[in-house]
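Reader: I am new to this structure. Please take a close look at one part for me: the charged side chains and how they pair.

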Amino acid sequence: MPRHFLSVKTLMLISLLSLNLAACQSSDSEDSPQNAQQAAPKVDVVSLIPQTVTIKTELPARTVAFRQAEVRPQVNGIIENRLFEEGADVKSGQQLYQIDEAPFQAALQMAKAELASARANIQSTKARAERFKGLIDNKAISQQDYDDAQAAYLQAQAEVAVAQANIQTAEINLRYTKVNAPIDGRIGRSNITEGALVTAQQESPLTTITQIDPIYVDISQASKEVLRIRRQLLSGRIAEEDAAQVKLKLEDGSTFQHQGELQFSEVNVNESTGSLVMRAKFPNPEGLLLPGMYVKTVINEGTMPDAILVPHKAVMFSREGTASVMLVNDENIVEQRPIEVRQSIDHNWLVSDGLSGGEKVVVEGLQKIAVDSAVEIEIDTENSLQQAEE
């Protein structure tokens, strides 16, 4: 009997504990997150502001000498002296070589002697012609004799003129024995040495002079890009205020300290490459740029008013290469918007289509949101021009 009584009491205690435990579990179940309304995820956005930006394009290019002159002899002869240091700067008119001038001095002396002979001859023929003129009036000589005297006088005058021309030629050839620099610039190596025989206007140059200050930079740009820029200029989307300014990046990544200007562009498209060549001129007083160097040019195409910039981290690209962003509308609902990007400007994409000023683009918290979901904006900043330049 007592045993039975104890068993009943134990069972009652167990029942009471079970009821209390069930009540606690029920209370915990009512307070669980599954039944409570979940809080909206927090995101950071930028409010887009239309702004004026400078459109720049980076293109590969090659440096080209401003002037280049191949020095060749203009008379035949033996090189006696080389009068310059290879690799030095030379001035226009500076003597570079001396060709043996003895044959040309002799030719000049001979031409002068021929002139003296011609002048002596002209005196006798002139006197004879004058005497014959008086005799022909008296019928003392025949007309033929008079005509011959006059012809001899005229021939003597022509011989004087020929002798004078021969002297000029001999003087010119004598001057050509001094081979001078035709332009200012930096001279290269000498292709001949003293004692070498050279000929007038020979195929191989004696040396080459290159002018590198200023220096040209030839830029290749795709014809479709030129067409796009021209269309935007015509439509007024780009202003051509400072479009001629060009900056240069060197092979080591540094920026060339001097700024250049566009000189001209080709009018014909290269059929094999589909590109146009533009030429810019840069000052090069230090001689840092040398012909043939590979460089990159940063061309200022102009300014675009009311441009839309979006931070890089806000733009998503599909496998096909299409770009899109996540927007937060006025009801704080997420929308996905396809866009077209034109180029990168510092840490931003320049958007050509798909967005307008005042819209809010998600930049932080993209992994926590989905299309048509509600969000809470935690930080809202403006994507200003100052941020784009930082």
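Author: Arg337 is partly exposed in this predicted model. Its relative accessible area is 22%. The side chain of Arg337 meets that of Glu359 in a salt bridge, at 2.9 Å from N to O. This pair links distant parts of the chain. Arg337 sits in strand 16, while Glu359 sits in the loop between strand 17 (348-353) and strand 18. The two are 22 residues apart.

Strand 16 covers residues 334-345 and also holds Glu335. Glu335 is partly exposed, with a relative accessible area of 30%. Together with Asp330, Glu331 and Asp372, Glu335 forms a negative surface patch.

Now to other pairs. The structure holds 9 salt bridges. One joins the side chains of Glu101 and Lys178, at 3.7 Å from N to O. Glu101 lies in the loop between strand 5 (95-99) and helix 2 (102-137), and Lys178 lies in strand 6 (residues 178-180), so the pair ties together parts that are 77 residues apart in sequence. Glu101 is partly exposed at 24% relative accessibility. Lys178 is partly exposed too, at 37%.

Glu364 and Lys313 form another salt bridge through their side chains, at 3.1 Å from N to O. Glu364 is in strand 18 (residues 360-364). Lys313 is in the loop between strand 13 (294-311) and strand 14 (316-317). They are 51 residues apart. Glu364 counts as partly exposed at 37% relative accessibility, whereas Lys313 counts as exposed at 51%.

Salt bridges can also share partners. Glu58, Lys249 and Lys296 are joined into one network in this way.

Key. Residues numbered from 1 in each chain as written. Predicted model: local features only at pLDDT ≥ 70, side-chain atom pairs only at ≥ 80, totals over all residues. Heavy atoms only, no water. Patch = residues over 30% accessible without salt bridge, like charges linked within 9 Å, V, L, I, M, F, W, Y side chains within 5 Å. Areas by Shrake-Rupley, 256 points an atom, 1.4 Å probe, with all protein chains shown as cover. Salt bridge = Lys/Arg side-chain N within 4 Å of Asp/Glu carboxyl O. Lys, Arg positive; Asp, Glu negative; His and termini not counted. Charge placed at Lys NZ, Arg CZ, Asp CG, Glu CD. Helix = DSSP H or I, 4+ residues; strand = E, 2+ residues; numbered from the N terminus. Buried < 20%, exposed > 50% of the residue type's maximum accessible area, 1.4 Å probe, protein only.
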